[in-house]
Amino acid sequence: VSFLIPECGILPEVLKSTVADVGEYYLVRNLSVHELVAHEFIDAFVKKGSCYALTYNTKIDQDNTAALLPNGKLILSVDKDTYEELGLQGHPSQYSGKKVMRYIITIDLTDSGFHPDSKKHNRVLWALKEKKPLEFDFLMAWYNTGAEGSTLMSYFSKNQIQALKPKITFSTLRDLQCPVLQSNELQGKPDESCSTEELFEWLGAVLSQVSLDNKSSSFLSTYCCPQPNIMVEKAFLCTITGFIIPEKIIQLLEQLCCYFGEPKLAYWLTLTVHGFADSPVSWRESEHGFHKGGENLYNFVIFRNLDYWLHMAVGTNDDCPP
């Protein structure tokens with residue numbers, strides 16, 4: 001997650017505290033997937049909040065991967081051999097080509113028919129525990145609103161579990177060329193404002209720390225800021241890296257909107273969120289493929305009058321966002 005505020009003076013304390021409170025997450029080593037379908041886990045976490053899990057250091061185009069979504073659905077993306085050994089119902093990956101080598105299995109942990117001792121639950125548990133045990137390192141997070149009960153740290157105390165905090169970096173960009181934007185002009189106007197596409201390309205260069213001076217001697221980039229533009233004396237950039245859940249991103253977005261509540265120099269600001277390149281899903285439950293880069297991201301451009309633009313981008317092996 002990154003946000004950029006051009007012409008930023010002093011960052012409000014409430015915004016600083018929101019960034020600092022973006023929340024910790026956990027790395028659970030050697031966790032068997034069947035533990036995620038155990039009813040003790042479902043009752044403690046899936047039904048009492050939003051639980052997130054994603055296999056760590058697995059490659060979506062090579063390895064078996066898994067993700068637990070906050071709606072209680074467990075998504076498995078597995079190779080052909082694993083699929084046949086598991087014997088669970090699924091469907092071919094839409095990025096398999098003519099010869100199907102990958103399958104997607106979806107298990108709804110909140111399904112009314114997935115109760116203890118049901119045939120469906122026993123079948124899934126047997127497949128994942130006895131028939132073809134799957135074990136991964138998982139990134140996990142849990143969000144609940146005041147519900148009392150177990151924590152991930154205590155629940156997985158028998159496993160090797162580690163609490164992690166997102167890496168936060170603050171930087172001040174001096175003398176930054178910024179495009180001129182008008183919230184009601186998505187396509188831009190010659191000599192008046194830049195388009196959404198031009199802004200998106202410029203933002204990618206800034207977040208990647210690419211020089212915008214278009215020097216002929218540069219071997220890396222001859223990119224320059226689109227026209228028209230203004231020189232901003234100081235811009236504030238914050239980048240948060242980790243397993244960050246949507247609830248925390250919403251809190252950050254709300255505080256960024258509140259930034260314009262008092263007179264500020266900035267006319268607009270941006271919030272960019274990148275998904276994991278090797279996640280088996282991207283938008284909602286849409287299948288995600290890697291192809292060349294595994295891109296999936298969205299970007300808000302929020303204006304002083306609280307109008308906003310929303311960019312949504314995916315790679316070649318991905319459904320279009322909803």
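A residue is called exposed when its relative accessible area is over 50% and buried when that area is under 20%, with partly exposed residues in between. The legends below apply these words to a predicted model.

View 1. Tyr308, Leu310 and Met312 together make a nonpolar surface patch of about 290 Å². Tyr308 belongs to strand E14, which covers residues 308-314. The relative accessible area of Tyr308 is 52%, and because the limit for an exposed residue is over 50%, Tyr308 counts as exposed.

**View 2. Six strands form an open antiparallel sheet.** The order of the strands is E10-E11-E1-E12-E13-E14, and their pairing is antiparallel. Strand E10 (167-179) and strand E14 stand at the edges; each has a single partner strand, so one side of each is left without a neighbour in the sheet. On average, neighbouring strands of this sheet are turned by 15° against each other, direction ignored. In general, the strands of a sheet pair through backbone hydrogen bonds.

**View 3. Strand E10 pairs with strand E11.** Strand E11 consists of residues 229-241, and its antiparallel pairing with E10 extends over twelve bridges. Within this pairing, Arg174 has Lys234 of E11 as its bridge partner.

**View 4. Helix H2 is mostly covered.** Of the eight residues in H2 (residues 39-46), six are buried. These buried residues are His39, Phe41, Ile42, Ala44, Phe45 and Val46.

**View 5. Pro280 is a buried loop residue.** Pro280 is found in the loop between E12 and E13. Its relative accessible area is 3%; because this value is under 20%, Pro280 counts as buried. When residues up to four places away in sequence are not counted, Pro280 touches Leu54, Ile60, Thr65, Ala66, Ala67, Ile75, Ser77, Ser286, Glu287 and His288. Tyr25 is 255 residues from Pro280 along the chain, and the C-alpha atoms of the two are separated by 19 Å.

**View 6. Glu285 and Lys73 form a salt bridge.** In general, side chains of opposite charge can pair when their charged atoms come close. Here the side chains of Glu285 and Lys73 meet at 3.3 Å, N to O. Glu285 lies in the loop between E12 and E13, whereas Lys73 lies in strand E5 (residues 73-79), so this pair ties together parts that are 212 residues apart in sequence. Glu285 is partly exposed, at 36% relative accessibility. Lys73 is also partly exposed, at 22%.

**View 7. Lys132 and Glu85 form another salt bridge.** The separation between their side chains is 3.8 Å, N to O. Lys132 is in the loop between H4 and E8 and Glu85 is in helix H3 (residues 80-86), so the pair ties together parts that are 47 residues apart in sequence. Lys132 has a relative accessibility of 22% and counts as partly exposed. Glu85, with a relative accessible area of 35%, is partly exposed.

**View 8. Lys189 and Glu185 are joined by a salt bridge.** Their side chains meet at 3.6 Å, N to O. Lys189 counts as partly exposed, at 37% relative accessibility. The count of salt bridges comes to nine.

Technical notes. Residues numbered from 1 in each chain as written. Predicted model: local features only at pLDDT ≥ 70, side-chain atom pairs only at ≥ 80, totals over all residues. Heavy atoms only, no water. Patch = residues over 30% accessible without salt bridge, like charges linked within 9 Å, V, L, I, M, F, W, Y side chains within 5 Å. Areas by Shrake-Rupley, 256 points an atom, 1.4 Å probe, with all protein chains shown as cover. Salt bridge = Lys/Arg side-chain N within 4 Å of Asp/Glu carboxyl O. Helix = DSSP H or I, 4+ residues; strand = E, 2+ residues; numbered from the N terminus. Buried < 20%, exposed > 50% of the residue type's maximum accessible area, 1.4 Å probe, protein only. Pairing = 2+ DSSP bridges. Axes fitted to C-alpha atoms, helices over the stretch in contact; angles between N-to-C directions. Contact = heavy atoms within 4.5 Å.
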